[in-house]
Amino acid sequence: MSTPSKFNIIGNPNINRRDITRKVTGAAVYAWDINPEHIGVDGTVGSGSIAYLGVVTCPYPRAKILKIDTSAAEAAGFVTLTGDQMPPYSYLSSRNSLALPRTSDITMYPGQPVVAVAALTTDQVEDAARLVTVEYEPLPYILEAEEALAPGALQLYNGGNSPAGGYTNENGIAPSTINIKFGDADAAMAKADVVVGPLVYETQHEQHYEFEPYAAVAQWTNGSLRVWSSNQWAHNEASSLAAFFGVPVNNVTVSTALGGNEGGGVLGNGLGDKIYQELEVVTAAMAQKTGTVVKGALMRNNQAIWASARFPMKSYMTIGAMKDGTMTALKATVYTNCGAIGGSNGDDAISDFYNMYNIPNVNIVGNSANTNRYHSAGAMRDVGESQGHFFIESLVDELAQKLNMDPAALRRQNLRGNDASGNPPVDPNVNQPYSSSAQPAAFDKAATAFGWSQKWQGWGKSSQVNGPLRRGVGIANLNGAKGGIIGFGAGQLQVSPDGSVQAFTGLTDHGAGGNTTFALEAAEALGLTSFDNVTMVMSDTSLTTDTIGTFGSRSTRACGLAFIAAARDLGRQWFPIVAPKLAPNTDPKNLVFGNNMIFDKTNPSNGISFTAAAALLTSPMKGSGFFPDPNNVTERTTGTKFAEVEVNTETGAVRVVHFTSSIGIGRVIFAKGAESQVRGGLFMGIGETLYQELYLDPTTGRHLNPNFHDFRIATIMEAPDQVDALWIEQNDPVAPWGAVGIGEPVLMAVAPAIANALSNALGGYRFRTLPISREDIVAGIQWARANGTL
Amino acid sequence: MRTEVPKFGLVQAQSVQDAINLLSKYGAGNARIISGGTDIISRMKNGIAAHTPNYLIDISGLGLNYIKQDSGGVHIGATTANSDVVNSSVVNTAAPLLASAVGSIATLQLRNNSTIGGDVLQEVWCPYLRNNYDCWRNGGNVCYGAIGDNRYYHSIFGGRLCYAVHAGDAAPAMSALGAQATIQGPLGSRTISMDQLFPGISVVGGRVQEHTVDYNEILTEFYIPNQPKGTKSGWYKVRDRGTWDFALASAAVTVNMSSGAASNASVVLGGVDVVPHRASAAESYLNGKSMSEDVYSGAGAAAVQDATPLTYGIGNAYRVELAKGAVINALRALA
C-alpha cells in the first residue's frame, strides 16, 4: 500500500481483478459455451444431447396471428413450440406472458417471437424456422408516446394506452402518471426575470448490446428444473420460472453460467436486460417438451426482441430565474415511450430534475404510454437517468446562455449540496435528508482538475480554434437515484480451521469486477489485509440466499452491508472460543477483526492471529448477515463532469479530447475497478451521445440496424486523450465503510457534458435530441456559419 | 435466434476458365464466387434471398494474389488481400493514394481477410437490402432507401432504380489514378477503365448493379499506371467513427503540380453516389490554379455543385457538406 490506511484492504490501489486471466485467456465458460461435459450429460443423441432453440419472429410492429403452421417443420423431424402449447397464461399480463403469443393473439412489436423451434445443430435450427409458416393480418400501430396519448388514438389495450392500474417494474408498482409539485411554479415563473422554454428535448431507443448475447441452458429431471443462463439475478429467475411452470421454487436451480464459485459465474456484462427471463422461460418450456437439455441464445439480430430497452423520452422543459442567476421555477411535461408492455412514468428522470438544484417552485408531470415500438421499457444502466440528466443539464445550460452567465458559475450558485456545516441537503419532494452528498466538494475538485476557468471563453466563443478545428467545453452535474441500497441484503461468511474463507452472496459479477469487490469486502469485514484465502461462492441459487440482483448500482453496498453483518454473526459464535486463549478475563464482546488478527479493542496488544484463531475451530463456522430494506432515507449519488470536445467544421467529426469525472463514491473499495467503471461509463456515454440508436424503417416500422455495424457503439478510436477519474470519499453513513455504488452514476451526465461542450464549440447552437448525429453536427456548423460565429 | 450461414456447396475452381465455366453452368441465381468472403458470407448469413446461392466457387487459389511492377505501372491481382495492398512497398511508392484508401477500409481484421477485387465489386450496404427487403437488388422493384431511411447509404447525386451508394474505398482511388480492370468471361478478356467498369445502375445478367461484371465473369486484375512526374495525391474518408464504418463521404484526388499550377486534376468522390463519382467541375476548377486554402474550398464547392440530395424519406442533404469537406481535406493532404 502506498499510503497508510485505516482499512485493512479496501481502497488498496494495487489490487487487480481476480478474474482477468481466465477472461483474457478464454478459459471462462459463458452460458453459451456450456457443453455436455460441463453439466454431466454424456452427449449421446436423445436424452444426453443438447438441442438448440430458435425462434420465428413477426416482422410487423402489430399484427393479428391468423394461423400458425408447424407441420412441415415437424414432418422434417424438428420440434416446434407455440404459445398454444405453453402452460396457460394471460397474454400481455406480465413480461413472461409475452414470451410466445398464441393463435388469434395480437403481436405487439416488430421482431416479437411467435414460434420456437428446436433442432440438434444451430444451422438446423435455421432450417426448422424456415419451415414454419405464420399468417398475419398486419394491424395499424403506434410508435410514439405522445401519439399514443393523443385524443382519439388507436387503443392498444382495452384500458387505454396508459393503463390506470400502473406498471409493475423491478421496484414494485409504479403509477402510470406522476405529478411532482411543490411551491407555486406558475406564480414564480410569472415573476422570473428570465424564462427559458418550453424547450423540447428527446432521447432515442437503444438496446444494451452487451458483447455476450443472452443464452440459457435448461434441463428437466424428474420435475426439477436446472437452468444455466446469462443472468444478473439468479434467485429472481428461479422464482419466475417456478411460478410460470407451477413447481415449487426449491425444485428450480438457476446459476449464472456454470455458477458455483466466482470462476463459474461469468457474465459478459449485464446492463439491466439480464434481470428478465423470457428466453429462459421458452428454453425451459422447450426442454420440457423435448425431454432433452435445450440451449437457447439470442444473437445480435434478435438481441432486442425479448429485452427491455433504454426507453425513448421526450420532455417539454421550462425554467425561470432572476437576473442574478437564482433559479426560481421549473416546469416540465415528460413522455416516456414504454414499448409494448411494462415501463416507467419517468420518475427516475424526474427526480433528477428537482434534486439537482435548489429550485423552490416545481411542477412536473410524467406520462407513460404503451406503443408498438419495442418490447418494454425497463432496466438499462440507470433506467431513465441518462435521459433525465440530459434534459435538466441541457436546459440549465440554455438558461446560462440566456443570462449570459458562466454555466459553471450558474450551476455552482444553485447547486443542491451540503450546507456550510456539512449537513446533507434535503430531497425537496419527500422532504427528507440525503444520506450524504459530495457537493459542492465534487464540483470544485472537478472544476480545478479540468481547468474550467482557463478554458471557458464565454458564450459564442469556442474554447480553442485551430484552422477548421473548434474546441468547446461543457459541464453537467450528477445527482442520480442509483447507488443506493434498493431492498434487503443477505450474505454469509464461513471460516475453516485452516484459516480459509468462503464468502457467499446471491449477487453475480455482471462483468464490472464485482467478484473482486465482493472478495475485498469479505476480507475487510474479517480484518484481513489479503484476499488470497477468500473464495467467493456466488451466482447460484442452490448455494446462496437471495440478496436481490446485481443492478441499480446496488451490489457494492448490498454485499458490503451483508458481509459486515455476517462477520458480526461469525464473531458472536467464534469470539467466545477465542477469548479463553487470550489474556485472563478477556470479554468476547470486546473482540474485533483487524490487521489479520482477532483482538481486544480495549487493549489491542491482547490478540491472536486470524489463522491461529481459525485453528481453534474443529469444523467450518458460518456467520449469516442480513439487513432490512432501510426506510426514511434518500440516497442520491452526486458529482460533476466536464468535457472538452473538438469538432472538425469541415467534416462534422467530433472527438472528446478531455473528460473529467468527479463523483461522491463515499469510499473507494476496489480502486482499479472504480476507475475502470469511469472509463467504461464514459465510453458508453460517448456512444449514447453521438451514435447509438436502434431505428425502424419509417414506412414499415421494421428494424433496420439490429447489428453491431449499424448500431454504432464507441470504439477504442473514440477514446479521449485524457480522462480524470476523481473521487470524493464523503463516507456515507448508511453504507458499508461509507461506500456507495457508482456503476450507473459513471454514465449519468456524460451526454449533457458532451452536448454542452459541442454547443460551446459551435457558437451556442443547441443540440436537443440524442443521439447527436453527424447530420445534427452539420446543422450546428451551418447555423454557426450563418450566425457569424464560425 | 442464432444466425447461421445456410448450407452451400463449395467448389474449388481449378483455373479462372474453370470458374467461369462453373458459373455459367450453375446459372446466375445458383452460384457466386468467393475469395475473402467478408461480404458474400455476411449476405448469406443475413438470409438475403437473392444473394444466397447454392454454390460458392472459390477463386482464392487461382494465383490472383500478387502485386507486380512493370515499366508502365503496377499489376494487382484481384484476390490480393487488402492488407497486402496497404503494406506493399511497391504500392506505397507508385500509388500511395491507393495504399491510403485501402488502409481506411473497415478494420484491420477485415482488411486481412478481404480482397481488393472484393472491395471494388462489393455489394451495397443498404439497410433495406441487408435486412432482406424485396428491393431492386433482391428480386423486387422498389428502392426503399429512396423513400425511407437514406441518411447513411444512399446517393446525393440522384440515380435510377437502386439509389444505394457504392460504399467501397478502393474504387474511388483507382478511378482517380486512372486504373484499369481486366475482366475475363465466356467471351474472353477485356481491359476497361474504372469509368467503364462503373457506368451506373443497369440490369446486367438479370441483376440490378452499378458495374458491368456479369454473373459468369471474373474481375482478375487491376492495373495502376505510373503517374506522371510531379503528380501529387490525397485521400480523405469521412466516417462516423475512427474505424470500421463505411464512408459518409470520401475523396480521392490526383493532380500534377510540376509546373507549380495544377494540371490533370482528378477528383473522385466515394460513398455519395451509386458509383465512384467523378467531380468534373472540381477538376476543371483546379486545373491552372496554385494550391491555397481558398482553392481547396473552391474545389470542394465545385465538387458538389450538382448534388441532388434525396428529399423523400428522411433525407441526406447533410452529406453534401461532408463530401465538400472530404475534397478540401484530400487536397490539404496532397503529397
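Modeller: Let's begin with contact: two residues are in contact if their C-beta atoms, placed from the backbone, lie within 7 Å. By that rule, 29 residues of chain B are in contact with 32 residues of chain A. This is a predicted model, where local features need pLDDT of at least 70 and side-chain atom pairs count only at pLDDT 80 or more, while totals for chains, interfaces and linings use all residues. Residues are numbered from 1 along each chain as its sequence is written, and chains are lettered from A and ligands numbered from 1 in the order in which they are written.

Biologist: Which elements give two or more residues to the side of chain B that touches chain A?

Modeller: They are α9 (144-147) and α14 (318-332) of chain B, and α14(B) gives the largest share, 7 residues. Helices (H or I, at least four residues) and strands (E, at least two) are DSSP runs, numbered from the N terminus.

Biologist: How is that side of chain B divided by class?

Modeller: It has 13 nonpolar, 8 polar and 8 charged residues. Here Ala, Val, Leu, Ile, Met, Phe, Trp, Tyr, Cys and Pro count as nonpolar, Asp, Glu, Lys and Arg as charged, and the others, Gly among them, as polar.

Biologist: What are the domains of chain A?

Modeller: Domain 1 covers 31-140 + 208-306, domain 2 covers 415-483 + 634-786, and domain 3 covers 486-627. Such bounds come from an automatic or database domain assignment. The centres of domain 1 and domain 3 of chain A, taken over C-alpha atoms, are 38 Å apart. Their contact takes 21 residues from domain 1 of chain A and 19 residues from domain 3 of chain A. On the domain 1 side, α7 (234-245) and β13 (252-256) of chain A each give two or more residues. That side of domain 1 has 6 nonpolar, 14 polar and 1 charged residues.

Biologist: Why are α17(A) and α18(A) called oblique to each other?

Modeller: Let's set the value against the rule. Helix α17 (residues 671-690) and helix α18 (residues 750-761) of chain A pack at an angle of about 55°, with their axes 8 Å apart. Axes are lines fitted to C-alpha atoms, for helices over the stretch in contact, and angles run from 0 to 180 degrees between N-to-C directions. Angles under 35 degrees count as roughly parallel, over 145 as roughly antiparallel, 65 to 115 as roughly perpendicular and the rest as oblique. About 55° belongs to the rest, so α17(A) and α18(A) are oblique.

Biologist: Which residues make the contact of α17(A) with α18(A)?

Modeller: Among them are L682(A) and I686(A) of α17(A), and V750(A) and I754(A) of α18(A). By class, the contact has 6 nonpolar, 3 polar and 1 charged residues.

Biologist: What makes α7(A) oblique to α8(A)?

Modeller: α7(A) and helix α8 (residues 278-290) of chain A pack at about 50°, with their axes 10 Å apart. That angle makes α7(A) oblique to α8(A). Residues in the contact include L241(A) and F244(A) of α7(A) and V281(A) of α8(A). By class, the contact has 5 nonpolar, no polar and 2 charged residues.

Biologist: What makes D382(A) stand out?

Modeller: Most residues other than glycine have a negative phi, and most peptide bonds are trans. D382(A) has a positive phi of about 95° although it is not a glycine. A cis peptide bond joins G197(A) and P198(A), with omega about 0°.
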